[in-house]
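Thanks for making the time, everyone. I would like to walk you through one structure this morning, going from the overall fold down to a few individual residues.

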Amino acid sequence: MKKWQDKEEFKKLFTEKAHILWEKDLRDMTLNEVYQTIAYMIRDLVSEDWIRTNEIYAEQKVKQVYYFSIEFLIGRLLESNLLGIDMDDICRQGLEDMGWDLNKVIPAERDPGLGNGGLGRLAACFIDSLAALQLPGHGNSIRYQYGLFNQRIVDNQQVELPDNWLVNGYPWEVKKVDKAVYVRFGGNAYMRPDEDGNLECVHEKYSSVRAVPYDVPIIGYHNNTVNTLRLWRAEYSREQLYQELSIGDRRRAFRYKDSVQQISRFLYPDDSHEDGRRLRLMQEYFFVSAGLQSIVRHYKKKYHESIYKFDRYVAIHINDTHPALVIPELMRILMDEEGVSWDAAWNITVRTVAYTNHTILPEAMEKWSIPMFKELLPRIYLIVEEINNRWLKEVRSLYPGDGSRARDVAVLWDGQVHMAHLAVLGSHSVNGVAEIHSQILKDSTLHQFYTCFPHRFSNKTNGISHRRWLIEANPQLASLIDDTIGDSWRRTPSKLQDLMPFADDPAFQEQLTRVKKDRKEILARYIRDRYDTDVRTDSIFDIQIKRIHLYKRQTLNILHILHLYYLLKDNPKLKITPRTFLFGGKAAAGYGEAKETIRLINVVAHMVNSDRKVNKQMKVLFLENYNVSLGQLLFPAADVSEQISTAGKEASGTGNMKFMMNGAITLGTMDGANVEIHRKVGDENCVIFGLRADEVMNYYIHGGYSSWQMYSDDAAIRRLMDALVDGSIDGSIGGDHFGMLYSAFLDRNDEYFVLKDFQPYCQAQQEIAKRYGDHTKWCHSSVVNIAQSGYFSSDRTIQQYADDIWRIKPVKH
Ligand code: KOT
């Protein structure tokens, strides 16, 4: 790897680069221009290694994995790349000499909003770990022109503004025009006999979309590996446009042009909440087909091996079902373009593809209407139909007379294409993302498939990049850890365990307290600057940051806050441990209850914060536009990590791990990865409450829960529910106030057991306050959490995928 020798060389190269790029005096440069200049300088440093990495993979003909994900929530890259190439100090010093502060330059980079939440961020942590472990693995996705909306709060309500993240250009990407491919939509597809009497497929009158890749380097950590995140952009094919124009149908021609450009324009703002739109299906097929074509092309060109050996050299991973069309698309390429028979193509496909499930919420399971699917992807539909026919024939012969089997495992059923069923059938490996979630997949969601293919199923508990979420986000803590146990944990995060002996060390506890206080002050400054509000850094920072969803139960949190407020109002002499409650997260624009939850939080916040009788003891804030960068500010400042989803609903969660790694105490239900966090740290170092997943399941199956009963029996709950609709919290009289939420709790029998878990949650909050009061004990817990968090590094997760699923090995150079 080329490096900058010292700050003098940095300054010289910076000056040269800046002049070429901006043609202006250094003093006139904007912070964004400074950031872009450094980004291009980093690209100069890594470009040789980027080329070399690919050459070595091809020369050694190593097996490579391609991680297909409709989202990659990568966050800013300037700082992580500087850390990756170990040039952060030189850059900082060089900038300082020239009159800039690196800490002010870093925020000039916009967060690429290429994801919604957990699923997209996981994909980003995974490619980070692949490069750090020198594993040959790359990402494949869409280059959305507009990311997820920017969120503003106006009159207590969420307002969505477009996220035009590419306006100033994106210095990390490289457009590869020569690697463009074409993707076909629409037209007619049918089978007919060829000269030899074999069936061949004819696909005619289709419309072609040009897919152009934009590659982003994924830089390894202190090694020479540079992998690739390939993002596809849709362009119209000039040929097709001219053809349409030459026929004389101008309208049709422009309709074609517009519809093509729509494909990579917007990221869908859904998280665990599908809505089956046609454009979304186009996006899915677009990046799947483009990605696969380029992989097959590269394999043939560089590996010189028979297509029948494809799966020995290529692994394809599908991040949930959004890329599940990989299965019929690979079948199509193998059969229609490479002349492989059905049976051989199926074997190659199944051995190549592996699938991860990220949710068991029924409304998030992807299904497409058959007529729409057929119209848009006629050739792919024929293949899916054949997969389904062959499979159901097998099922019927295995379980004769059992008609209900077919319903549970069919790919085509009830006029819909069931993507999860297609994904399981066409993969050799199916995994969940936390132990409890993988168990639920086997026991219920995919139970029938599990009985057919038990060996396919496994668990791979999620992880997070400790480089981004500890080294980069919390340098103060990282350097304290270095000083205490050395820096080997940076390469080997399990070494964080070496902190265990310091859990009761007074000197270490004191320094940890200092670091936490520093981080709370940094956050407090941000809050003061942006919201003109002061928060007490001696209060408990209690944080819930994640997408807004009824199952994640931000409602439970805010109802408890309101309850606490009433306690203080009713007992003016009452003293509680001062608390700062912070929320962050976006609601899907079409998800009414989630948007009402945001409004409720803001209305309560306003009432509490403006009440001088209580606002010394509690404050509530909703922070706008939660994204990766804001996360990097929030996780390090947290005392309490709110992980309070209805048990059995959160597949894993990964924010829980980021809090833990930064020394916060989990206040959570036995859901997702909380279960494993609890096992690592024990009852003494986290606070668990509420219904267990089996109890929740029991209520769903057998009934026996009545939220009206909770309302009648519990005066505190009654008061809170009434407050939602009597105008006492949102002032004005008239209107239904928070009727939508009231109705979800009472008329719709509280699907997520908020009222049932309310009192247990209040007690858990009291337990938190009690423990916080014993500072030494609290510090002990904080240390244990940090020390045990190494397991939740995505390096561990990726090593498991590499060993058990992909069978790929590191490539040193
Ligand atoms: C969205 C749409 C359809 C299917 C799944 C999703 C989805 C799931 N989006 N995000 N998730 C989250 O994925 C994370 C990473 O595995 C999990 O930690 C989290 O529990 C999921 O909700």
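Predicted model: local features only at pLDDT ≥ 70, side-chain atom pairs only at ≥ 80, totals over all residues.

The protein has 33 helices and 23 strands. Its radius of gyration is 27 Å, close to the 28 Å that the globule rule gives for 813 residues, so the protein is as compact as a globular protein of that length. If you take the principal axes, the C-alpha atoms fill a box of roughly 95 × 75 × 55 Å. Buried residues account for 49% of the 813, and, among contacts with a separation of 6 or more, 76% are between residues 24 or more positions apart.

The largest nonpolar core contains 227 residues, and the members that touch the most others are Ile-127, Phe-286, Val-326, Leu-422, Val-604 and Ala-638. Helix α6, residues 118–132, supplies the largest share of this core, with 10 residues. Which residues is Ile-127 in contact with, once its neighbours within four places in sequence are left aside? They are Tyr-67, Gly-137, Gly-139, Ile-218, Asn-227 and Leu-229.

The helix I would like to show you is α32, which runs over residues 775–788 and reaches 20 Å from its first C-alpha to its last, close to the 20 Å expected for its 14 residues at 1.5 Å a residue. This helix is mostly covered, with 10 of the 14 residues buried, and the buried ones include Trp-778, Cys-779 and the run from Ser-781 to Gln-788. As for what they pack against, the partners are α21 (506–531), α25 (655–661), the strand β22 (665–668), α26 (674–681) and α31 (758–773).

Turning to the ligand, there are 20 residues surrounding it, and the closest are Gly-118, Leu-119, His-358, Ala-651 and Ser-652. By class, the shell divides into 10 polar residues, 5 nonpolar and 5 charged.

Most residues other than glycine have a negative phi. Asp-320, however, has a positive phi of about 65 degrees although it is not a glycine, and it sits in the loop between β11 (314–319) and α11 (326–337). Is Asp-320 buried or exposed? Asp-320 counts as buried, because it has 27 C-beta neighbours inside 10 Å and the cut-off is 20 or more. The other position is Phe-753, with a positive phi near 55 degrees, placed in the loop between α30 (739–745) and α31. Phe-753 is buried as well, since 25 other C-beta atoms lie within 10 Å.

Leu-166 is found in the loop between β4 (157–163) and β5 (174–175), and it is partly exposed, with 15 other C-beta atoms within 10 Å. Its C-alpha is separated by 10.0 Å from that of Asp-111, a residue 55 places away along the chain. Lys-809 lies in the segment after α33 (794–806) and also counts as partly exposed, with 14 C-beta neighbours inside 10 Å. Where Lys-809 and Leu-135 are concerned, 674 residues separate them in sequence, while their C-alpha atoms are 6.2 Å apart in space.

That is the tour, and I am happy to go back to any part of it.

Terms used
Residues numbered from 1 in each chain as written. Near = placed C-beta within 6 Å. Nonpolar A, V, L, I, M, F, W, Y, C, P; charged D, E, K, R; others polar. Helix = DSSP H or I, 4+ residues; strand = E, 2+ residues; numbered from the N terminus. Expected span 1.5 Å × (residues − 1). Buried ≥ 20, exposed ≤ 12 C-beta atoms within 10 Å, placed from the backbone. Contact = placed C-beta atoms within 7 Å. Core = buried A, V, L, I, M, F, W, Y, C linked by C-beta atoms within 7 Å. Rg over C-alpha atoms; globule rule 2.2 N^0.38 Å.
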